[in-house]
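I opened the notebook to look up strands, pockets and confidence in one structure. The entries follow in the order in which I made them.

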Amino acid sequence: MDTDLFDNIQLFSALSSEQLHSLGKHFTVRRHPKNTILINEGDETNSLYIILEGRVKVYLNDDAGKEVVLNTQSKGEYFGEVSLFDDGPRSASVLALEDCQFAVLLKKDLIKAITDNPEISLAIIRGLTQRCRALSENVRSLALMDVYGRVARTLMEMAVEQENGIWLIDQPVTYNDLASRVGASSKMVSRIMQDLKKGGYIRKQAKQMIIERSLPAAW
């Protein structure tokens, strides 16, 4: 595959152009439309996915259909690496939130790539460490924060500070998705978001959300 597609992929940032070219021979490119379930929790699949275009949702759900969103990921990020190393089933489901393009690498090819290029294993370890820290923070917020605190924290995690001092969430944010991320009802999240809008803290702009100023410490 064209290794130019790996530009800005942090996982491979330490590799030379020759190493990338060698690794690229083992990838296949797949395209999936919006709302495709890419991975089901419990699956026995063995592929690493690197997002080249689009955005995905990583989530858990139960038999009753209750859903908890663990994360959303976009271009340059990757998923599916955990089950490649412990031979266990997939630990979460992944859904395409937009039309997506992926570079996909099978386990046997990833193991060979890591053997040839130890820098990749270090990058994966760093990524896993960051995700463990994020999960620890999620557990902390669920245990110690009220619903408003969890909503405010999640909004700020999703936002990127702009040069003019405002914070921008450059993706659609629905109350249902936000509720599933913070472990609350969509009705409660809707009330909080409406109050933040009325207070002039947040506003919507097309498919983006603008955080105009620091969110209040309590609701």
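**Entry 1: strand 10 and its partner.** I began with strand 10 (residues 167-169), which is joined to strand 12 by three bridges and runs antiparallel to it. For tryptophan 167, I found isoleucine 211 of strand 12 as the bridge partner. I note here that the model is a predicted one.

**Entry 2: strand 11 and strand 12.** Next I followed strand 12 (residues 208-211) to strand 11, where I counted four bridges in the antiparallel sense. Arginine 203 is opposite isoleucine 210 of strand 12, and glutamine 205 is opposite glutamine 208 of that strand. Strand 11 and strand 12 make a hairpin with two residues between the strands, and alanine 206 has a positive phi near 55 degrees there.

**Entry 3: the record.** I checked UniProt, where an unreviewed entry places the feature "domain: HTH crp-type" at residues 145-214. In the model, this span is 47% helix and 19% strand, and its end C-alpha atoms are 18 Å apart.

**Entry 4: another hairpin.** I moved to strand 4 and strand 5, which are antiparallel and joined by seven bridges. Arginine 55 is opposite serine 74 of strand 5. Five residues lie between the two strands of this hairpin, and glycine 65 in the turn has a positive phi of about 90 degrees.

**Entry 5: the largest pocket.** I looked up the largest pocket and found about 1,500 Å³ of space in it. It is lined by 48 residues, and Leu70, Asn71, Gln73, Arg131 and Ala134 are the closest to its centre. Elements that give two or more residues to this lining include strand 4 (55-61), strand 5 (67-74) and helix 6 (175-182). Which helix gives the most to the lining of the largest pocket? Helix 4 does, with 13 residues. I sorted the lining into 21 nonpolar, 16 polar and 11 charged residues. Domain 1 (3-131) and domain 2 (146-211) both give residues to the lining, so the largest pocket lies between them.

**Entry 6: the second largest pocket.** The second largest pocket has a volume of about 270 Å³. I listed 18 lining residues, with Arg55, Leu97, Pro172, Thr174 and Asp177 nearest the centre. Strand 4, strand 5 and helix 6 each give at least two residues to this lining, and helix 6 gives the most, with three residues. By class, I noted seven nonpolar, four polar and seven charged residues. The second largest pocket also lies between domain 1 (3-131) and domain 2 (146-211), because both give residues to its lining.

**Entry 7: confidence.** Last, I looked up the pLDDT values. The chain has a mean of 86, and 97% of its residues reach 70 or more. Where is confidence lowest, and where is it highest? Helix 2 has the lowest mean, 74, and strand 7 (residues 93-96) has the highest, 95.

Conventions:
Residues numbered from 1 in each chain as written. Predicted model: local features only at pLDDT ≥ 70, side-chain atom pairs only at ≥ 80, totals over all residues. Heavy atoms only, no water. 1 Å grid on protein atoms, 1.4 Å probe; cavity = no way out; pocket = protein on both sides within 12 Å on 5 of 7 lines; lining within 4 Å. Points joined across faces, edges and corners; volume = space filled by probe spheres on them. Nonpolar A, V, L, I, M, F, W, Y, C, P; charged D, E, K, R; others polar. Domains from an automatic or database assignment. pLDDT = per-residue confidence, 0-100. Pairing = 2+ DSSP bridges. UniProt positions renumbered as here; feature names shortened; annotations may be inferred.
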